[in-house]
Amino acid sequence: MNEHPVIARIRLNPHHRAVHRDLRDATQMHRTVMRMVPDGLGDSPRHQAGLLYRLEETDTSSTLLVQAAHLDPALLPPGYGHAEVKSLAPMFAALCKGLTVRYRIVLNPVKRERLPLNQREKRGKILPLSGADADQWWFRRATDAGLHLHVLTPTQLAPARPRDQRAAPMRHSLLRYDGTATVTDAESLTQAVMNGIGRGKPYGAGLLSLAPATAP
């Protein structure tokens with residue numbers, strides 16, 4: 001067993017049929033990344049494996065970041081992409097209170113709908129947040145995770161959804177945040193990196209990436 005998670009950076013093959021399928025279908029992408037973790041993890045294999053992932057796309061390339069306790073990229077479809085795997089142990093060892101970091105995370109900011117008092121026995125719908133409401137949601141979550149944000153720059157991403165119209169309805173609004181922050185609680189931050197933040201983790205949300213901030 002690894003004491004710390006590993007992370008795989010997979011440069012996707014733009015000519016591979018499975019890559020085309022996964023980029024169009026969030027459910028299929030989740031199934032593909034789950035191929036890399038061990039079998040026999042029970043009823044909640046993603047949670048047991050600590051699997052989180054994020055898709056990063058530019059005009060010319062697509063890269064998949066996948067984090068888990070154990071990963072075997074050889075279990076991906078042949079030719080799916082080129083993978084590089086490294087331990088996150090050095091990053092965790094470097095985290096300390098007062099450290100300034102750069103961060104990136106894709107999130108699914110939501111709130112639960114408030115219902116009238118006469119419907120207290122029911123649960124309201126999960127509603128996506130946007131604009132200042134989403135920014136405040138991330139600021140609160142970051143604070144709880146041991147980060148004091150200095151800069152938070154949001155980028156609206158395409159929502160995660162299945163392509164198969166016969167599938168159960170599913171749509172997760174996604175926002176990417178980039179910025180800088182100061183570590184206020186290294187232990188809480190370690191747990192946030194390992195466990196992910198917020199909802200939508202099976203569909204590419206929640207993976208927090210950190211790097212030392214460079215001097216201006």
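**Buried residues and salt bridges**

Trainee: Is Arg-54 buried or exposed?
Mentor: Arg-54 has a relative accessibility of 2%. Buried means under 20% relative accessible area, exposed over 50%, and partly exposed in between (1.4 Å probe, protein chains only). So Arg-54 counts as buried.

Trainee: What kind of model is this, and how are residues numbered?
Mentor: This is a predicted model: local features need pLDDT of at least 70, side-chain atom pairs count only at pLDDT 80 or more, and totals for chains, interfaces and linings use all residues. Side-chain values use heavy atoms, leaving out hydrogens and water, and along each chain, as its sequence is written, residues are numbered from 1.

Trainee: Which residue forms a salt bridge with Arg-54?
Mentor: A salt bridge needs a side-chain nitrogen of Lys or Arg within 4 Å of a carboxyl oxygen of Asp or Glu. Here the closest N and O atoms are 2.8 Å apart.

Trainee: Which residues share one salt-bridge network?
Mentor: Asp-178 and Arg-176 meet in a salt bridge, 2.8 Å from N to O. Shared partners join such bridges into one network. Its members are Arg-54, Glu-56, Arg-104, Arg-176 and Asp-178.

Trainee: How many salt bridges are there by this rule?
Mentor: One of them pairs Arg-21 with Asp-22, at 2.9 Å between the closest N and O atoms. Arg-21 is partly exposed at 32%, whereas Asp-22 is buried at 3%. The count comes to five.

Trainee: Which backbone oxygen does the side chain of Asn-108 reach?
Mentor: Asn-108 is buried, at 4% relative accessible area. Its side chain comes to 2.8 Å from the backbone oxygen of Ser-173.

Key
Polar contact = N/O pair within 3.5 Å; in protein donor to acceptor, adjacent residues only side chain to side chain.
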